[in-house]
Amino acid sequence: MIKYVAFFFLVLAIQQVLGQTQEEKIKQIEFEQELARNAELNRMIDQGVNLMNDGQYEEANIKFKEVLKAAKVVPSDLTYYFGKNSFYLGKYKQSIDWLNKYIELKGTKGVHYEDCVTLLDKSNQAYLIVRDKERKEAQTVLSSSYEIDCGPTGKVVCPVCSGNGVIIQRGAFGDIYKTCPYSDEQGYLTCDEYNLLLKGELKPKF
Ligand SMILES: [Zn+2]
């Protein structure tokens, strides 16, 4: 009887071991699949980097976006490459966001840290200029391409003197009051005068 019991437990033990190895096998396969997937992603990143270094920024962008879509977790180096490529594409805001992300992830110890900071600096400067230019362009379009309709009164409050009719110049020895050279005494411009003023073509009366 004892023999049978011993045998029974032996069978149980063997089953357990077999079960474990089965589970381990699945884990092993999953692990290998994960490795293969990462290798594939790294290969795609390398291709993107090569394209970027060749100056093919649009193609590199497509490649990097593929990786972003496929990766469960974004590899930290990719945030740097994507940010760098965005800079070359003239997408400065995007560049700033991703380069900052890299520094966030890697801190000052990242391999690309120095390069990242230099690029961030350039991106920030370029972004300021672009924003400035866009603002000026918006202004030019607004003031030169369109006639402003001033409404039924045909009068507009003068933006130079804010409708006061006088311009106040603050000086060290007190304020100086000057009659506004553009508007009438009530501080109004006619619509024609207003449109000329917007285009920078309204001549002062005195
Ligand atoms: Zn005025």
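A residue counts as buried if 20 or more other C-beta atoms lie within 10 Å of its own, as exposed if 12 or fewer do, and as partly exposed in between. In this predicted model, buried residues make up 17% of the 206 residues in the protein.

**Overall layout**

The protein has six helices and four strands. Read from the N terminus, the elements run α-α-α-α-α-β-β-β-β-α. Among the contacts between residues at least 6 apart in sequence, 46% join residues at least 24 apart.

**Helix H4**

Helix H4 covers residues 92-106. At 1.5 Å a residue, its 15 residues should span 21 Å, and the C-alpha atoms at its ends are 21 Å apart, which agrees.

Which residues of H4 are buried? They are Tyr92, Ser95, Trp98, Leu99 and Tyr102. Around the helix axis these residues cover an arc of only 130°, which puts them on the same side of H4. Lys93 and Glu104, on the other side of H4, are exposed. Just after the helix comes Gly107, which takes a positive phi of about 65°.

**Helix pairs**

Helix H3 (residues 76-88) pairs with H4, and helix H2 (residues 57-70) pairs with H3. The table gives the geometry of both pairs.

| Pair | Axes come within | Crossing angle | Handedness |
|---|---|---|---|
| H3 and H4 | 7 Å | roughly 155° | left-handed |
| H2 and H3 | 10 Å | roughly 150° | left-handed |

How are the helices of each pair oriented to each other? Angles over 145 degrees count as roughly antiparallel. The angle for H3 and H4 is roughly 155°, and these two helices are therefore roughly antiparallel to each other. The angle for H2 and H3 is roughly 150°, so H2 and H3 are also roughly antiparallel to each other.

The contacts between H3 and H4 involve Ser76, Thr79, Tyr80, Phe82, Gly83, Ser86 and Phe87 on the H3 side. On the H4 side they involve Tyr92, Gln94, Ser95, Trp98, Leu99, Lys101, Tyr102, Leu105 and Lys106. The buried residues of H4, namely Tyr92, Ser95, Trp98, Leu99 and Tyr102, are among those that meet H3.

Between H2 and H3, the residues Tyr57, Ala60, Asn61, Phe64 and Val67 in H2 meet Leu78, Tyr81, Phe82, Asn85 and Tyr88 in H3. Phe82 of H3 is one of the residues that meet H2, and Phe82 is also among those that meet H4.

**Two loop residues**

Ser162 is in the loop between strand E1 (155-157) and strand E2 (166-171). Ser162 has a positive phi of about 55°, although it is not a glycine. Is Ser162 exposed, partly exposed or buried? It has 14 other C-beta atoms within 10 Å, so Ser162 is partly exposed.

Tyr182 lies in the loop between strand E3 (174-179) and strand E4 (188-190). Because Tyr182 has 19 C-beta neighbours inside 10 Å, it counts as partly exposed; a residue is buried if 20 or more such atoms lie within that distance.

Which residues does Tyr182 contact, leaving aside its neighbours within four places in sequence? They are Cys158, Val160, Leu189, Leu197, Leu202 and Pro204. Tyr182 and Glu193 are 11 residues apart in sequence, and their C-alpha atoms are 8.2 Å apart in space.

How values were computed:
Residues numbered from 1 in each chain as written. Predicted model: local features only at pLDDT ≥ 70, side-chain atom pairs only at ≥ 80, totals over all residues. Expected span 1.5 Å × (residues − 1). Arc of directions from axis to C-beta. Contact = placed C-beta atoms within 7 Å. Axes fitted to C-alpha atoms, helices over the stretch in contact; angles between N-to-C directions. Parallel < 35°, antiparallel > 145°, perpendicular 65-115°, else oblique. Left-handed = near helix turned anticlockwise from the far one by under 90°.
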